Amino acid sequence: MLNLTTLLASTVSCVVTGIAVYVLARKPGGAQVPPRPLLSDTRADDVVFLFRGRLLVDATDAARTQLRSTPVETDDLGRFVLTFSHRFEGIETALRDATETEGFQLAEVPDDPDSLRLVGEVVDDCLRIRLEDPLRDSRSETLAHYSMAAMRAELFTLRTIAERSPIPTWKKRDDGLIIWANSSYMTLAQAVAGDDELSAWPPPDVFESVPIPEPEAADLSPVRISLATDADSEAWFDVIVLPGEIETLFFALPIDKLVHAENALTEFVQTLTKTFAHLPIGLAIFDKKRKLALFNPALVDLTGLPPDQLSSQPSLHGFLDALRDRQRIPEPKDYKSWRMKIAQLEADAADGTFEETWHLPSGQTYRVSGRPHPDGAVAYLFEDVSSEVSMTRSYRSEIALSHAVLDHLDAAVAVFSSAGVLKLTNQAYDDLWNNGMAPASSETGIGEALRDWATRSLSGAGLEAIRALVLQSGDRSPISRPLLLRDGTPLVCRAQPITGGATLVIFDRAHDMTNLQPDPVAQEPGPPGQAAV
């Protein structure tokens, strides 16, 4: 049993050893490791990569330290491209065409013979890529040369950014002389000053009027300035000045669209102001911070507040406090409850539900309403409705007086509209036809009223003529018909046309029924449901 166990252990050990040797002899993807002579002519500080396809099969130590290890989902060639693509333009195309072109050569700074170069050559089935520095003279200077190359690359990048920037940028000495300017500034100077001014260095200072703050100044706010680029147009800029001890750096941010938008907004506000200036209703618009942003002259007249106080953009609470001081707001019983009411006023106006009538101590009456506006703003409308309220009160008083007069008449009175709807009755009418119960409904029609009259009458054949007169349009003449109630009370029903197509119907006691003969035509029976004519 022991011999069998020993034999199995030996067999497993041999298999594992063979697999390990096989794995170590191959790279992932099944590619064979090329013989080391492909890198035999390199030194330890050389930057050389050896690729077979997209797999890095070998590299010098200096090359491995430069190769990015992230992102992990990218293969070896992808990490190589990420490492050097920002320094060598067109590296992806060169790698793709390397097999057909038998290699490539890329310069970090084009047209610079001293620039770093990336040289690729096809060796057997591998692509060998070397980073070369033409200024490298000896091994001891390798690191210094690579640092200088990196600095040159960074300088090239910064120069490229400055030259391609769409923002005019320039530097001036303490004596005001321009010592550097990018291409955007030169283009702008050419458009402002002309070609002749650019014939010699330095270029003209088209922003000469921009003041230069002290280096220790805390306020470095942009300075807005406009330049006439030609006879018909101008360009606007926000100039940012960064002062230094020896030189001053300037940036001119183009803001033409911003200025045009601000001008359009200003014109729009002016148009609104002119429009609202003729309104008799006071308008106060508060922005989302509840500052008075817009008002019209009518608000000055209604509130009595001076224009300069309103122009100072008071808060909503400050505005209402000023109204209270001038007795342009209902005097509250206590100040605390009034402030709470003001808070509710603001909340209701933001929801579009605020509307109140203010009865002022002066006897005036204001209707105040709040309306929400976009972007959190709120508009308040102040309307003097004193005359309207006074007129309404006068009408109500006259109506009440008319009702009182009608209620003191002994005759029963009813008024029907041109559509035959009962609009008005007096107390005598309600006592006669409703037995002193609730007044007749305002929706009662002439047909329903005729049925009530006929039900309580012994003779009412002539009442159809009343219906015809009520519903008749055009010229009408008053008529009179006798009526005998079931309790034996004789009445006279008179129908009188009045203004607006309405009809006044009066029921009065008849003192001599023998002298009241109904109209002959009215006694003739007519078709059912049709008034006799």
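Biologist: Which residues are linked with Arg-224 in a network of salt bridges?

Modeller: This is a predicted model, and the pairs come from its side-chain atoms. Side chains of opposite charge can pair when their charged atoms come close. In the network that includes Arg-224, the residues linked by salt bridges are Asp-238 and Glu-262.

Biologist: How many salt bridges does the count come to?

Modeller: A pair counts when a side-chain nitrogen of Lys or Arg lies within 4 Å of a carboxyl oxygen of Asp or Glu. By this rule, the count of salt bridges is 16.

Biologist: How many residues apart are Arg-52 and Asp-125, and where do they lie?

Modeller: Arg-52 and Asp-125 form a salt bridge, with 2.9 Å between the closest N and O atoms. Arg-52 belongs to strand 1 (residues 47-52), while Asp-125 sits in the loop between strand 4 (117-123) and strand 5 (126-132). The pair links distant parts of the chain, and the separation is 73 residues.

Biologist: Asp-97 forms a salt bridge with Arg-96. Why does Asp-97 count as partly exposed?

Modeller: In this salt bridge, the closest N and O atoms are 3.9 Å apart. Arg-96 has a relative accessible area of 58%, so Arg-96 is exposed. Asp-97 counts as partly exposed because its relative accessibility is 27%.

Biologist: Is Arg-128 buried or exposed?

Modeller: The side chains of Arg-128 and Glu-121 meet in a salt bridge, at 3.8 Å from N to O. Glu-121 counts as partly exposed, at 38% relative accessibility. For Arg-128 the relative accessible area is 10%, so Arg-128 is buried.

Biologist: Which element gives the largest share of the lining of the largest pocket?

Modeller: The largest pocket holds about 430 Å³ of space. Its lining has 15 residues, and those nearest the centre are Val-269, Ile-285, Ala-293, Leu-294 and Ala-377. Two or more lining residues come from each of helix 8, strand 11 (282-286) and strand 12 (292-295). The largest share, 5 residues, comes from helix 8.

Biologist: How many nonpolar residues does the lining of the largest pocket have?

Modeller: The 15 residues of this lining can be sorted by class. There is 1 polar residue and there are 3 charged residues. The number of nonpolar residues in the lining is 11.

Biologist: What is the phi of Arg-290, and where is its place?

Modeller: Arg-290 lies in the loop between strand 11 and strand 12. With a relative accessible area of 14%, Arg-290 is buried. Arg-290 is not a glycine, yet its phi is positive, at about 60 degrees.

Biologist: Which loop is the place of Gln-327?

Modeller: Gln-327 also calls for a look at its backbone. Phi of Gln-327 is near 55 degrees, a positive value in a residue other than glycine. Its place is the loop between helix 11 (316-325) and helix 12 (335-351).

Biologist: What distance separates the C-alpha atoms of Leu-188 and Pro-168?

Modeller: Leu-188 lies in helix 7 (residues 183-193). Leu-188 has a relative accessible area of 10%, so it is buried. Leu-188 and Pro-168 are 20 residues apart along the chain, and their C-alpha atoms are separated by 7.6 Å.

Biologist: How far apart in space are Ala-62 and Val-48, C-alpha to C-alpha?

Modeller: Ala-62 is part of helix 2 (residues 61-66). Its relative accessible area is 17%, so Ala-62 is buried. In sequence, Ala-62 and Val-48 are 14 residues apart; in space, C-alpha to C-alpha, the distance is 7.9 Å.

Biologist: What is the distance in space between Ala-454 and Leu-485, C-alpha to C-alpha?

Modeller: Ala-454 is found in helix 15 (residues 446-455). Ala-454 counts as partly exposed because its relative accessibility is 40%. Ala-454 and Leu-485 are 31 residues apart in sequence, and C-alpha to C-alpha they are apart in space by 8.8 Å.

Methods:
Residues numbered from 1 in each chain as written. Predicted model: local features only at pLDDT ≥ 70, side-chain atom pairs only at ≥ 80, totals over all residues. Heavy atoms only, no water. Helix = DSSP H or I, 4+ residues; strand = E, 2+ residues; numbered from the N terminus. Buried < 20%, exposed > 50% of the residue type's maximum accessible area, 1.4 Å probe, protein only. 1 Å grid on protein atoms, 1.4 Å probe; cavity = no way out; pocket = protein on both sides within 12 Å on 5 of 7 lines; lining within 4 Å. Points joined across faces, edges and corners; volume = space filled by probe spheres on them. Nonpolar A, V, L, I, M, F, W, Y, C, P; charged D, E, K, R; others polar.
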